[in-house]
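Colleague: I have the coordinates open. Can we go through the strands, then the ligand shell? Keep it brief.

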Amino acid sequence: MSPVPGRGLAKGLAVTLRTMTRRSVTAQYPDAQPELPPRTRGVIGLFEENCTVCMLCARECPDWCIYIDSHKETVPPAAPGGRERSRNVLDRFAIDFALCMYCGICIEVCPFDALFWSPEFEYAETDIHELTHERDKLREWMWTVPAPPALDPAAEDPKEIAAARKTADKLAAEQAAQAQQAEQAQAGTQAQADDGTQADSPQAPQGPQAEPPQEGDA
Ligand code: SF4
Ligand code: SF4
C-alpha cells in the first residue's frame, strides 16, 4: 500500500502545534533559581568534629576520590593512674568532585555522621584541579545542608536522645535522693537539738523523795 502523500508532513505539523500550545517548563537558569528537593545530591559537606579518621569512606568510595591524611596523638589519661590513649588526628580530608559520581556510598557508610549531602551545585570551575575540595571548603558546605525532616510522631526516639534522656532521669533521681537524705539529716539534727533543750530545762526530781520531818519524829 502506497503511503498517503503529505501524511508525514501533517503529523509533524500536528506535533508542532501541540507543543506550541503547551505551557513551557524551561527554567530560565541562572536568572531563575531551580526549586530543588531538599535531599538533592549537589555537593558533600564534612562535619569534621564527628570524623574519627576511620577511613571507611575512602575505602568504600568506588572512584577512590576521597583523600585522607592523619597522624596519631597520645592523649594523657583521663584520671590519675589511668592509661594513656592514642587517637587519630585529621591532617587532610579532600574530595575530588571531578571524579566523584555522586553515588552517596561514602555518606551511607560513615558510621559517625560526618558526611552529608548539600543541595548546592554551583561550584563549576574553569580549572579541573579546583574541583578537589579540601577540608575547609567541605566544612563550608556543611552550613548549606538542610535540617533533617521531622520524625514521625509515632517513631522511637533516636538512640542519642534516648540515652541523653536516660542520663537526665538518672541525674534527677540522684538529686532527689540527695535532697531527701539532706532533709532527713536536718530533721535528725532538729530532734537532737530538741532533746538537748529538754535535758537542760529544770525538772521536778524523779524517784522517792525525802519526806518532810513530821512533829514527834525526834
Ligand atoms: S559520592 Fe561516591 S564517588 Fe563521590 S566521594 Fe562519595 S563514595 Fe566517592
Ligand atoms: S567514614 Fe566518616 S568518620 Fe570515617 S573517615 Fe570517613 S568521614 Fe571520617
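Modeller: This is a predicted model. Start with strands E2 (residues 66-75) and E3 (residues 85-96), which run antiparallel and are joined by 10 bridges.

Colleague: Which residue in E3 does His71 stand opposite?

Modeller: E2 covers residues 66-75 and E3 covers residues 85-96. The two strands run antiparallel. The residue in E3 opposite His71 is Val89.

Colleague: How many bridges pair E3 with strand E5?

Modeller: E5 spans residues 132-133, and its pairing with E3 is antiparallel. Here Asp96 stands opposite Thr132 in E5. The count of bridges between E3 and E5 is two.

Colleague: What is the order of the strands in the open sheet?

Modeller: E3 pairs with E2 over 10 bridges. E3 also pairs with E5, over two bridges. The sheet is open, has three strands with antiparallel pairing, and its order is E2-E3-E5.

Colleague: Which are the edge strands?

Modeller: The order of the sheet is E2-E3-E5. An edge strand here pairs on one side only, and the edge strands are E2 and E5.

Colleague: What angle does the direction of helix H4 make with that of E3?

Modeller: H4 covers residues 135-142 and packs on the sheet. The helix touches both E3 and E5. Its direction and that of E3 make an angle of about 85 degrees.

Colleague: Now ligand 2. How many charged residues does its shell have?

Modeller: The residues around ligand 2 include Cys51, Cys54, Cys57, Ile68, Cys110 and Phe112. By class, the shell has 11 nonpolar residues and one polar residue. The number of charged residues is therefore settled by counting classes: there are no charged residues.

Colleague: Is Cys57 buried or exposed?

Modeller: Cys57 lies in helix H2 (residues 56-60). Around Cys57 there are 23 other C-beta atoms within 10 Å. The cut-off for burial is 20 or more. Cys57 therefore counts as buried.

Colleague: Which residues does Cys57 touch, leaving out those up to four places away in sequence?

Modeller: Cys57 is one of the residues around ligand 2, and so are Cys110 and Leu115. Both Cys110 and Leu115 are also touched by Cys57.

Colleague: What distance separates the C-alpha atoms of Cys57 and Gly104?

Modeller: Along the chain, Cys57 and Gly104 are 47 residues apart.

Colleague: Last one. What percentage of the protein's residues are buried?

Modeller: The protein has five helices and five strands. Its residues number 218. The buried share is 10%.

Key
Residues numbered from 1 in each chain as written. Chains lettered and ligands numbered in written order. Predicted model: local features only at pLDDT ≥ 70, side-chain atom pairs only at ≥ 80, totals over all residues. Near = placed C-beta within 6 Å. Helix = DSSP H or I, 4+ residues; strand = E, 2+ residues; numbered from the N terminus. Buried ≥ 20, exposed ≤ 12 C-beta atoms within 10 Å, placed from the backbone. Contact = placed C-beta atoms within 7 Å. Pairing = 2+ DSSP bridges. Axes fitted to C-alpha atoms, helices over the stretch in contact; angles between N-to-C directions.
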